[in-house]
Amino acid sequence: MLKPTVTTGLMSLVVLSQSAIALAVTVQEIPNPRRMNSWVADTADLLTPQTEAQINRIATELAAKNSSEITVVTVPTTKPSASSKAFATQLFNTWKIGKQGKNNGVLFLISKRDRRTEIETGTGLTTLLPSSKIEIILTQKVTPQYKQGKFDQGTLAGTLAIAQALSEPPVAPTPPSALSEAASSVLLWILVGGFVTTFFFTVYSIISGIIKWLKNLTVVRSSHSEVDYSSSTWDSDNSSSSSSSYSFSSDSSSDSDSSSSSSSDFGGGSSDGGGSGDSW
């Protein structure tokens with residue numbers, strides 16, 4: 001019993017391997033749809049003729065409008081490529097989708113057995129179709145349909161969303177309004193005025209402290225020269241002083257009121273400035 005079972009298992013593996021090899025397709029084996037005046041290469045037989053006709057109409061209208069090119073390709077699998085992404089990039093560059101100098105092409109790739117879809121874009125579409133927008137298109141319009149086996153609906157919805165994104169005019173930077181310019185000017189003058197005021201106040205405090213310190217020093221020196229002789233007695237015979245008592249009137253206040261320059265802490269700011277495929 002064991003031998004027939006093992007033999008059957010081996011035969012099944014061989015059949016599966018041969019099936020996988022039969023399904024494997026290379027980039028060079030996919031027919032270029034432009035040679036047949038089409039934008040769709042449905043090698044995995046996922047789309048109906050009606051869906052292909054609708055995709056061709058959308059892509060043709062877009063190309064006539066702004067020369068952008070959308071190509072939709074379905075494959076049974078992307079093997080033997082390392083990944084679906086690598087397959088899509090190689091196919092895109094082999095066909096050179098998009099106009100030279102504009103790089104405005106899009107490849108919409110669906111791999112049936114890999115259950116994977118990739119949207120490859122040219123370098124000229126990073127503004128109109130960034131990776132963040134591609135992720136939204138795939139996760140909201142494409143893969144939910146694919147999970148239900150609705151390849152016609154998902155592929156058509158994804159193509160429409162791509163065409164709409166490529167039809168939008170580039171967003172021009174908004175010029176600053178007169179009000180914002182005036183506010184910026186006022187803020188600048190406030191900052192400059194605050195700096196100037198702080199600077200002069202600091203200088204004034206230092207100079208005032210120095211003047212006060214000089215005045216105190218002058219008072220001390222003057223008081224040293226005012227000696228009170230009223231309590232002094234002298235011995236006339238010995239011509240020597242028997243006692244001497246001196247009193248000085250001096251400013252007993254300390255120098256603690258001398259100026260201390262005002263200090264201010266300066267703070268700094270930091271700023272953080274603040275992108276495909278999907279599986280089903």
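Guide: Leu47 sits in the loop between β1 and α2. This is a predicted model, so read everything here as computed from it. With a relative accessibility of 6%, Leu47 counts as buried, since the cut-off for that is under 20%. Setting aside neighbours within four places in sequence, its contacts are Val40, Asp42, Glu52, Ile55, Val72, Thr74, Phe151, Asp152 and Thr155.

α2 covers residues 49-66, 18 residues in total, and spans 26 Å from first C-alpha to last, close to the 26 Å expected at 1.5 Å a residue. Its buried residues are Thr51, Ile55, Asn56, Ile58, Ala59 and Leu62. They take up an arc of only 165° around the axis, which puts them on the same side of α2. The background is simple: an α-helix has 3.6 residues a turn, so residues three or four places apart point the same way. Pro49, Gln50 and Ala64 are exposed, on the face of α2 turned away from the buried side. As for what lies over the buried residues, the cover includes β1 (40-42), β2 (69-75) and α5 (151-167).

Next, the strands. β1 and β2 run parallel and are joined by 3 bridges, with Val40 standing opposite Val72 in β2. Together β1, α2 and β2 make a left-handed β-α-β unit. From β2 the chain crosses through helix α3 (residues 84-95) to β3, and this β-α-β crossover is right-handed. β2 and β3 are also parallel, joined by 7 bridges; among the pairs, Val73 partners Leu109 and Val72 partners Phe108.

How enclosed is β2? 7 of its 7 residues are buried, so β2 is largely enclosed by the rest of the structure. In a regular strand the side chains alternate between the two faces of the sheet. Here Glu69, Thr71, Val73 and Val75 point one way from β2, while Ile70, Val72 and Thr74 point the other way, all of them buried. β3 is mostly covered too, with 7 of its 7 residues buried: Gly105, Leu107, Leu109 and Ser111 point one way, and Val106, Phe108 and Ile110 the other.

β3 then pairs with strand β4 (residues 116-121) in the antiparallel sense, over 6 bridges, and Leu109 has Glu118 as its bridge partner in β4. The two strands form a hairpin with 4 residues between them, and Arg115 in the turn has a positive phi of about 50°.

Finally, the packing. The largest nonpolar core has 31 residues, and those touching the most other members are Ile70, Val72, Val106, Phe108, Leu129, Ile162 and Leu166. α2, β2, β3 (105-111), α4 (131-147) and α5 each supply at least two residues, with α5 giving the most, 7. Leu129, for instance, touches Val106, Thr121, Ile134, Ile137, Ile162, Ala165 and Leu166, neighbours within four places in sequence aside. There's also a second, separate core of 14 residues that includes Val73, Val75, Ala88 and Leu107.

Note on methods: Residues numbered from 1 in each chain as written. Predicted model: local features only at pLDDT ≥ 70, side-chain atom pairs only at ≥ 80, totals over all residues. Heavy atoms only, no water. Expected span 1.5 Å × (residues − 1). Buried < 20%, exposed > 50% of the residue type's maximum accessible area, 1.4 Å probe, protein only. Arc of directions from axis to C-beta. Contact = heavy atoms within 4.5 Å. Core = buried A, V, L, I, M, F, W, Y, C linked by side-chain atoms within 4.5 Å. Pairing = 2+ DSSP bridges. Right-handed = clockwise from strand over helix to strand, strands pointing away.
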